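Please open the model in your viewer with the sequence alongside, and keep a selection tool ready. The tour goes from one selection to the next and says what is found at each stop.

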Amino acid sequence: MSKKPNKEQIESSGKYYSEDGLWDKMSSVAKNAGVKVIYMALLLYYTVVSPHTPIKYRTIIFGALGYFILPIDLIPDLLPVIGYTDDVAALAIAISSVSAAITPTIKGKAKAQLHRWFGDYDESEISGI
């Protein structure tokens, strides 16, 4: 059974967020983490940098992205398959909490970046997000 971070753990992780840290993490783990994890992180990134995103949402996003880039997780990222389970949970909680701020433009930017990193990918991997 995997450990799932709670909302308080996610929000307190915001102190670990940095834009450079996020891009370094995403580019270095993209292939191992997979399209779904990276797409979720990209959605949150493009949402947080949007000038239209409310402050209350930014706090949640910074927490989730900070948790994602933390070098120490509840489940180490080095473990095949299950290593990103806690990251997915943190990103999913944040996406659910800020979904009203995720616009079609933001989704388009995230998908464009996915294409740069992954080339052609299976769109079904990100359907429903």
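**First stop: Ile 106**

Select Ile 106 and, leaving aside its neighbours within four places in sequence, you will find it in contact (heavy atoms within 4.5 Å) with Leu 43, Tyr 46, Thr 47, Ser 50 and Ala 101. Before going further, note that this is a predicted model, in which local features need pLDDT of at least 70 and side-chain atom pairs count only at pLDDT 80 or more, while totals for chains, interfaces and linings use all residues. Residues are numbered from 1 along each chain as its sequence is written, and side-chain values use heavy atoms, with hydrogens and water left out.

Ile 106 lies in helix 6, where helices are DSSP runs of H or I with at least four residues, numbered from the N terminus. Its relative accessibility is 6%, so Ile 106 counts as buried, a term that means under 20% relative accessible area with a 1.4 Å probe and protein chains only.

Gln 113 counts as buried because its relative accessibility is 9%.

**Helix 3 and its partner**

Now select residues 35–48, which form helix 3. Of its 14 residues, 13 are buried, so helix 3 is largely enclosed by the rest of the structure. From first to last C-alpha, helix 3 reaches 20 Å, close to the 20 Å expected at 1.5 Å a residue, the expected span being 1.5 Å times one less than the number of residues.

The contact is made by Val 37, Ile 38, Ala 41, Leu 44, Tyr 45, Thr 47 and Val 48 of helix 3, together with Arg 58, Ile 61, Phe 62, Ala 64, Leu 65 and Phe 68 of helix 4.

Keep helix 4 selected: 11 of its 15 residues are buried, so helix 4 too is largely enclosed by the rest of the structure. Those buried residues include Tyr 57, Arg 58, Gly 63 and Phe 68.

**The nonpolar core**

Where does Ile 38 make its contacts, leaving aside neighbours within four places in sequence? Its partners are Met 26, Val 29, Ala 30, Ala 33, Phe 68, Leu 114, Trp 117 and Phe 118. Ile 38 is also, with Leu 22, Leu 44, Leu 65, Phe 68, Leu 91 and Leu 114, among the residues that touch the most other members of the largest nonpolar core, which has 38 residues; such a core is a set of buried Ala, Val, Leu, Ile, Met, Phe, Trp, Tyr and Cys residues joined through side-chain atoms within 4.5 Å. Helix 2 (19–33), helix 3, helix 4, helix 5 (85–98) and helix 6 (104–118) each give two or more residues to this core, and helix 3 gives the largest share, 12 residues.

**The whole chain**

Finally, clear the selection and view the whole chain, whose secondary structure comes to six helices and zero strands. Buried residues make up 47% of its 129 residues.

Notes
Axes are lines fitted to C-alpha atoms, for helices over the stretch in contact, and angles run from 0 to 180 degrees between N-to-C directions. Buried means under 20% relative accessible area, exposed over 50%, partly exposed in between (1.4 Å probe, protein chains only).
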